[in-house]
Amino acid sequence: NGEKVAALELSGVLCDHSSWRSYWGRAVDAIRFRDDYLGDTATEYYRSSDMPIWKPMNKTSDSETPTDWIQVERNVQIPLDTENRSLEIKTSSRLGSGQTISVTFSYGSNFNGKGYRGRLGIYFSPYSSVILRLDYCTSVEISPPKSADAETEQIFKISRISGGYPRILVHWNGEKVAALELSGELCDDPAWRYYWGQAVDAIRFRDDILGDTATEYYRSSSLTKW
């Protein structure tokens, strides 16, 4: 009756059949109301209408306008083209809270195996320091901006560039607090390039032992250039 009750982004995580894309990923030019044992028994009338505009987080237009804030849902695959869009995170966590922003990157539907593309964490240490962690690479302390004490909400913007020269850029309340060029010199794990040098098309806020405890809202925005 005019209210949105479902908005599904189909993926290998959502769908439990391996051939889902063959059926749901192709063009359609007709429908049918069938009367077999799985057929339609309720429809009385039908019509077509204008297509509602879908507003996914993974915006690919040239617009500089960020997408709307989305309340976080953990352990859900979220499409994000990191080569063209940055991730913004809003939290009310404060210095010394002991909470963590944790973003897991992936390619495809597998977050734990071959599709895993690293995890970025921002840890609000109980000792008031803030640690930026990159799995399979390094941990560095970052200096909070002056606004971190004054603002009730903290906004982080995370930009990731993969490929031959992987880079991580972090802004906190509009101020740049980290700009890392990943390399064998910076990263202490020999497998760092496998995780940070490959393409990413999705993220997840996990709730496992190293998971996210601080993120409240997220959105994508135009990629901050290095």
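**View 1. How many bridges pair strand S4 (residues 100-106) with S5, and in which sense do the two strands pair?** In this predicted model, S4 and S5 are joined over six bridges and pair in the antiparallel sense. A position to look for in this view is Thr 104, which stands opposite Arg 119 in S5. Both strands belong to an open sheet of six strands, which follow one another in the order S2-S11-S4-S5-S6-S7 with antiparallel pairing. The sheet ends at strand S2 (78-79) and at strand S7 (138-142), the edge strands, each of which pairs on one side only.

View 2. Ser 125 is found between strand S5 (116-124) and strand S6 (130-134), in the loop that links them. Is Ser 125 buried or exposed? Its relative accessibility is 5%, and because buried means under 20%, Ser 125 counts as buried. When its neighbours within four places in sequence are left aside, the residues in contact with Ser 125 are Gly 96, Ser 97 and Gly 98.

View 3. Apart from its neighbours within four places in sequence, Leu 120 is in contact with Ile 101, Ser 102, Val 103, Phe 105, Leu 132, Arg 133, Leu 134, Ile 158, Ile 168 and Trp 196.

**View 4. The hairpin formed by S9 and S10.** These two strands run antiparallel and are joined by six bridges, with Val 170 standing opposite Ala 178 in S10. Two residues lie between the strands of the hairpin, and Asn 173, in the turn, has a positive phi of about 50°.

View 5. Why is S3 described as largely enclosed by the rest of the structure? The description applies because seven of the seven residues of S3 are buried. Both of its faces are covered, with Arg 85, Leu 87, Ile 89 and Thr 91 buried on one side and Ser 86, Glu 88 and Lys 90 buried on the other. S3 pairs in the antiparallel sense with strand S12 (residues 217-222) over six bridges, and in that pairing Lys 90 stands opposite Tyr 217. S3 also pairs in the antiparallel sense with S8, over five bridges, where Thr 91 stands opposite Gln 154.

**View 6. The largest cavity and the residues that line it.** A search of the whole structure finds one cavity of 30 Å³ or more, and about 40 Å³ of space lies in the largest cavity. The lining consists of Leu 80, Thr 82, Arg 85, Ser 86, Leu 87, Phe 105, Ile 158, Ser 159 and Arg 160. By residue type, this lining divides into four nonpolar, three polar and two charged residues. Strand S3 (85-91) and strand S8 (154-161) each supply at least two residues of the lining.

Methods: Residues numbered from 1 in each chain as written. Predicted model: local features only at pLDDT ≥ 70, side-chain atom pairs only at ≥ 80, totals over all residues. Heavy atoms only, no water. Helix = DSSP H or I, 4+ residues; strand = E, 2+ residues; numbered from the N terminus. Buried < 20%, exposed > 50% of the residue type's maximum accessible area, 1.4 Å probe, protein only. Contact = heavy atoms within 4.5 Å. Pairing = 2+ DSSP bridges. 1 Å grid on protein atoms, 1.4 Å probe; cavity = no way out; pocket = protein on both sides within 12 Å on 5 of 7 lines; lining within 4 Å. Points joined across faces, edges and corners; volume = space filled by probe spheres on them. Nonpolar A, V, L, I, M, F, W, Y, C, P; charged D, E, K, R; others polar.
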